[in-house]
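Hi,

Here is the structure I promised to pass on.

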Amino acid sequence: MMRPVYVAGTGSTRFGKHVNTPIEALAVDAGAQALLQSGIDRQRVGAVYLGNFISGPLNGKEVLAGLVAEQLGLTGIPCTKVEGACASGGIAFRHACLMVATGLCDAVLVVGVETMTHASTTEMTTALNCAMDNEYDGMSGLTFPGLFGLAWRAHAQQYGTTREDIAAVVIKNKAHGLKNPLAQMGADLSLAQVCASAMIADPLQLFDCCPPSDGAAAVVVCAKEMLNSPQRQPLIRVMASAQTSGSARVSQHPDLCTFEATVLAAQQAYQQSGLQARDIDLVELHDCFSIAEIIDSEDLGLVPRGEGGRWAAQGRTGMQGDIVINPSGGLLAKGHPVGATGVGQIVEVVLQLRGEHANQVAGATTGMTHNLGGTGVACTVHILGREA
Amino acid sequence: MTLHSPLSALTVFQCHDCQTLTQRSPMVCARCWGRQFSAVSVAATGTLASWTTIRKPPLRFKSEGHYQVGVVDLDNGMRISGRLLNEANDQAGDRVQAVAVVGMPTDIPVFKVTPHG
């Protein structure tokens, strides 16, 4: 049988511009924070999983897991770089959890890292498009902003979602980001400012898009017996870890308003945890674009199908809402250093459950993360809980 | 003005064993793992499911500047993505026709919204 998995330590750089810092140094910074906070001896760390997507094309660097482990003095253990486009970090976290749950390791370090801001927009778009099926959609010139432009039009057509509804997501998350010291781009935005921003992939505008970012995040997961210090109260337990896949081709999505991989992962996560959507106090979900938050909130069962836009506009997903979505600012405000994002979401939820977050959700005891890669080709959903 | 002419049919690929249709010839049929496929013609008409204008293209398409990409439900039931010769007031549900475009690779399907009515 699987044994329970706990988060013993977290670490993170600020997400933003770190153009003079090598990618492996960012990862080492976050990794060292997590290891020190965990209080776990390095000899007990049995593996390293590192989430990263495009260090090859944008930095000319690979074998990052081994590079980072060596610089942290973790030698001789399995070190694995995990790639699943924007879900790389979430997948790395899940695999670390599995190593502990199965008893193969007592403690595992997970790091997510990316550096992007040194690249031009064209270089970045080209690198990110590696996550598309380039024998199909990529050949037509589709990009990821384009994918969500398609989804936006479909959602507007099917459910009547408006520009104003979608702008409410941007305004909320940018405001949340102002309160988060780890966030790249919090802002106090008006509807007029959102609507006046440059068109990127119609109807998607600049403020509807998450900023490219540099950054790293890390967590140490472990078995309960490794948690022997009062410093680590309250205990944060991984209550569910689900990973699914969907089609890499937009043409294989019969409904452009949903990602089947998210729906499946959410179902599995609720089943594993024995919880329901109404039990979740906050969620850090994959708002790579504003419309994505609306779709994700529906796919995760947090908001009724088709109502995501209206819930955002009515404030029902804000700090005082029915379900608090992206109190960190999400990808839209915190930034999206692609391989780091999934691990960064875990860090955010752990801080919330410990009651230590700068934008604290009052009384939070259960939090969810949702990390989506490519056209929904990879997805992870995790549920974390605070143990009394 | 883009020079284009309507196509009478689009070419897709059909698995010999299970008859599944795919936009491109695969190595293996994902449904039955068959390995033999034939090129077949299907009607070049369909319905626009959604579309967008790409204003920040990747490197290989940068020289084109802005361009439109659409998702089309062909009349035979297949959904495919391709280029769209767009008009500003195109809408989901519009009827579309595949066209050949002078100067564009023939392996990218290109559609144009047909006049209403």
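In this predicted model, 28 residues of chain A are in contact with 26 residues of chain B. On the chain A side, helix 5 (121–128), helix 6 (144–159) and strand 5 (199–201) each supply at least two of the residues that touch chain B. Helix 6 of chain A gives the most, with seven residues. By residue type, the side of chain A that touches chain B divides into twelve nonpolar, twelve polar and four charged residues.

Now to the sheet in chain A. Ten strands form an open, mixed sheet, and their order is 3-2-4-7-1-8-12-11-9-10. Its edges are strand 3 (79–82) and strand 10 (324–325) of chain A, each of which pairs on one side only. Strand 10 of chain A runs parallel to strand 9 (residues 282–284) of chain A, and two bridges join them. If you want to find that spot, look for Val283(A), which stands opposite Ile325(A) of strand 10.

Strand 8 (235–245) of chain A is worth a visit too. Eight of its eleven residues are buried, so strand 8 of chain A is mostly covered. Strand 8 of chain A pairs with strand 1 (residues 5–12) of chain A in the antiparallel sense over three bridges, and with strand 12 of chain A, also antiparallel, over ten bridges. Val238(A) is a handy landmark here: Val238(A) is the bridge partner of Val5(A), and its bridge partner in strand 12 of chain A is Leu384(A).

Is Leu264(A) buried or partly exposed? Leu264(A) has 18 other C-beta atoms within 10 Å; buried would take 20 or more, and exposed 12 or fewer, so Leu264(A) counts as partly exposed.

One last helix: helix 13 (residues 338–354) of chain A has 17 residues and reaches 25 Å from its first C-alpha to its last, close to the 24 Å expected. Because 16 of its 17 residues are buried, helix 13 of chain A is largely enclosed by the rest of the structure. Just after helix 13 of chain A, Gly355(A) takes a positive phi of about 75°.

Best wishes

Key
Residues are numbered from 1 along each chain as its sequence is written. Chains are lettered from A and ligands numbered from 1 in the order in which they are written. This is a predicted model: local features need pLDDT of at least 70, side-chain atom pairs count only at pLDDT 80 or more; totals for chains, interfaces and linings use all residues. Two residues are in contact if their C-beta atoms, placed from the backbone, lie within 7 Å. Helices (H or I, at least four residues) and strands (E, at least two) are DSSP runs, numbered from the N terminus. Ala, Val, Leu, Ile, Met, Phe, Trp, Tyr, Cys and Pro count as nonpolar, Asp, Glu, Lys and Arg as charged, and the others, Gly among them, as polar. Two strands pair if DSSP finds at least two bridges between them. Axes are lines fitted to C-alpha atoms, for helices over the stretch in contact, and angles run from 0 to 180 degrees between N-to-C directions. The expected span of a helix is 1.5 Å times one less than its number of residues.
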